[in-house]
Amino acid sequence: MQFKRPKTIKDTQTHYCPGCGHGIVHRLVAEVIDELGLREKTIGTAPVGCSVLLYNYFDCDIIECAHGRPPAVATAIKRCQPDKVVFTYQGDGDIAAIGTAELIHAANRGENITAIFVNNAIYGMTGGQMAPTTLIGQKTTTTQNGRDRKKQGPPLKVCELLASLEGVAYLQRVAVSTAKDVIIAKKAIKKAFQNQLDGKGYSLVEVLSMCPTDWKVTPKQAVDFVNNEMKAAFPLGVYKDV
Amino acid sequence: MANIKIDAERCKGCCLCVSECPRGFIRMSEIFNKSGNLFAEVTDIENCTGCALCCQICPDMAIEIEGKKKPNVPVKEISQRRTNKELMTKFE
Amino acid sequence: MSKPSKKILLKGNEVLSQAAINAGCGFFAGYPITPQNEVPEYLSKALPEAGGIFIQAESEIAAINMLFGASASGVRCMTSSSSPGVSLKQEGISYIAAAELPCVIVNMQRGGPGLGNIRAAQGDYFQSVKGGGHGDYRLIVLAPSTLQEIYELTMNAFDYADHYRNPVLILGDGILGQMAEPVELTKYRPIVDLPEKDFVLDGCKGRERRVIKTLLLQPAEALIEFNEYLKKKYAGIESELKLCQKYRCDDADLVVAAYGITARIAEGAVDMARDKGLKVGLIRPITLWPFPDEDFRAVAEQAKKLLVVEMSNGQMIEDVKLSIECSRPVEFYGTGGGWYPTSEKIMEKIESVYE
């Protein structure tokens, strides 16, 4: 048994807050790239949000995109270089608010790319505003009395939304709030990359993740929030696998 | 013995490994690292089984492990775990 | 006797599309909008036949961001739209300019503001040459006035984009896009040196990984230095690439200034004026950015007055006044709202301002 930092991750400290799930998801993606031997043929896209700086951590070609546009950028890269591996790494605001159109259409065209969607139910980088995936009753700086279903609508469920699209090959929702969840998440991410190698089409893994800083709780409480609240609102599991 | 190494300088003190360790062998330091964080420490390196659950949950890739072994201390005999729970409540 | 040229009759939008293919464009993404629909229609068939990639995007925003990815892949790429659609593209254009990715953007202008109408206009001059998107950046803006020129400038646009690593905008209008005339489809030859694309993201095999990014947070000076660098780059383009055409200007007392299809209409008015014995010339900027200011200054030394004609209520006139530092009176005749001036109307204006 060995457990070492993956080679596709640079040997540097991340800027993420203590207890933030991005570091875990970064590691899982990098491990999968290592295990499948893809580092030298991978082009990743960085979103706008906390993970915009992922190019500081991933040791592979990265293109930083405008907010919400990674699916469009990734579409073009993959179409121009079908022998390469292209992944998008997006947050909830990026994928489910400002970039909904790009997401749905890239998915519906069945673009042969891999999408990693980190859902932490809040806008982290801008300081804790409501995300499309913020839970009912969850307090944010723009829903100070809690998200109200009548005013802001219910949280947007990306896997359920995409499941109806014929172009989508694979959808799974996982979490990184317990070690067991992390191990499952890794398997899902690996499958999403393998699908691309097998030419199956659009694969997306939604990862429920922690944002202790903007939830204004301790890392342990953040883990509990994912386990108790988020998993209830966003049920884990495979939503599509063709 | 599993060779577990926690990089104290990389640790941001989120404590997720503390609650994840099934044997309760991880606790937080009482001193700060250079970044001003309390960092995770292994209390019983001899008996670490190398299950790597701490590595799985660590958001900062601060824990590395080599080797794995069967536990020679039954879980129920380990009292350290409670101690860590108490320690955790201190942070909460 | 010279060899007769092989001309074929095509619409402006088709000429532009064929020019792109001939120049090696390998990727097109666009969204339907009148009056440029023949571009995606033509390319949807012809581009894949030529080995390229055509995508009908879900929006102009997606289309311009697809160019971001295609250009980062090292492929010559183009998108086309008309005024409201080009407004949507501005975010992506700013990112592409910041990332210094070569690409060609086409705007077959229509009437505005808002949804406006679908007739020809020149109301997007400010948007095209003064920025349009956020931040300090410049587009190279080419304004053809004939279909033969559309053909040549479109091919040149790809060269300029690669040479300067900068997006190039072809600013046409609904008339140029929709009209048909015989065009000689000459062979593509690069007109400038084309540097090796050392920015391409194709997987880091045998090399250091590359990053294309536009966020420059740290150190604090990084963005200041980058903007200084851009300033120098743009100054370099300004010193090298100012294209302009003059017609009967040598002894002109009045010089008409117009670009695109308007210049072609104005040319007719200039001939009418000359027939009446009026000393009138025409100056037509081909690059709207960089603006050929030296040529305007040179013309203003001879002429007593300038008359700017636009299919808008006055946008390029500001650059004309700045170029000649207001050393001569500058008159204006414009048709806003998606309508074109006739040579006769311009002639009337010439007679009313001619001294």
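1. Let's start with a term: two strands pair if DSSP finds at least two bridges between them. Helices (H or I, at least four residues) and strands (E, at least two) are themselves DSSP runs, numbered from the N terminus. With that in hand, look at Ile62(A), which stands opposite Val211(C) in strand 9 of chain C. Strand 3 of chain A and strand 9 (residues 211-212) of chain C run parallel and are joined by 2 bridges.

2. A word on what you are looking at: this is a predicted model, where local features need pLDDT of at least 70, side-chain atom pairs count only at pLDDT 80 or more, and totals for chains, interfaces and linings use all residues. Residues are numbered from 1 along each chain as its sequence is written, while chains are lettered from A and ligands numbered from 1 in the order in which they are written.

3. Now widen the view to the whole meeting of chains A and C. Two residues are in contact if their C-beta atoms, placed from the backbone, lie within 7 Å. By that rule, 28 residues of chain A are in contact with 30 residues of chain C. On the chain A side, the elements giving two or more residues are strand 2 (42-46), strand 3 (61-64), helix 2 (70-80) and helix 4 (100-108). Helix 2 of chain A gives the most, with 8 residues. Sorted by class, this side of chain A has 15 nonpolar, 4 polar and 9 charged residues. For these classes, Ala, Val, Leu, Ile, Met, Phe, Trp, Tyr, Cys and Pro count as nonpolar, Asp, Glu, Lys and Arg as charged, and the others, Gly among them, as polar.

4. Chain A also meets chain B: 25 residues of chain B are in contact with 24 residues of chain A. Helix 1 (16-20), helix 2 (53-57), strand 4 (63-66) and helix 3 (80-91) of chain B are the elements that give two or more residues to chain B's side. The largest share, 4 residues, comes from helix 2 of chain B. This side of chain B has 12 nonpolar, 5 polar and 8 charged residues.

5. What about chain B taken by itself? Chain B has 3 helices and 4 strands, and from the N terminus on they run β-α-β-β-α-β-α. Of the 92 residues in chain B, 38% are buried. A residue is buried if 20 or more other C-beta atoms lie within 10 Å of its own, exposed if 12 or fewer, and partly exposed in between, with C-beta atoms placed from the backbone. Among contacts in chain B between residues at least 6 apart in sequence, 67% join residues at least 24 apart.

6. Chain C is divided into domain 1 (7-184) and domain 2 (245-353), with bounds that come from an automatic or database domain assignment. Their centres, taken over C-alpha atoms, are separated by 26 Å. The contact takes 27 residues from domain 1 and 22 residues from domain 2. On the domain 1 side, helix 5 (125-129), strand 6 (140-142), strand 7 and helix 7 (174-178) of chain C give two or more residues. Helix 5 of chain C provides the largest share, 4 residues. By class, that side of domain 1 has 14 nonpolar, 9 polar and 4 charged residues.

7. Helix 4 of chain C deserves a visit. Is this helix enclosed or open? Because 12 of its 17 residues are buried, helix 4 of chain C is largely enclosed by the rest of the structure. Among the buried ones are Val86(C), Ile93(C) and Tyr95(C). Their cover includes helix 3 (60-72), strand 4 (77-81), strand 5 (103-109) and strand 7 (167-173) of chain C. The helix bends by about 45 degrees at Gln90(C), the bend being the angle between axes fitted to the seven residues ending there and the seven starting there. Just after helix 4 of chain C, Glu100(C) takes a positive phi of about 55 degrees.

8. Finally, turn to strand 14 (residues 305-310) of chain C: 5 of its 6 residues are buried, so this strand is largely enclosed by the rest of the structure. Strand 11 (residues 254-257) of chain C runs parallel to strand 14 of chain C, joined by 4 bridges, and Ala257(C) stands opposite Val308(C). Strand 15 (residues 330-334) of chain C is also parallel to strand 14 of chain C, joined by 5 bridges; here Val309(C) stands opposite Tyr333(C).
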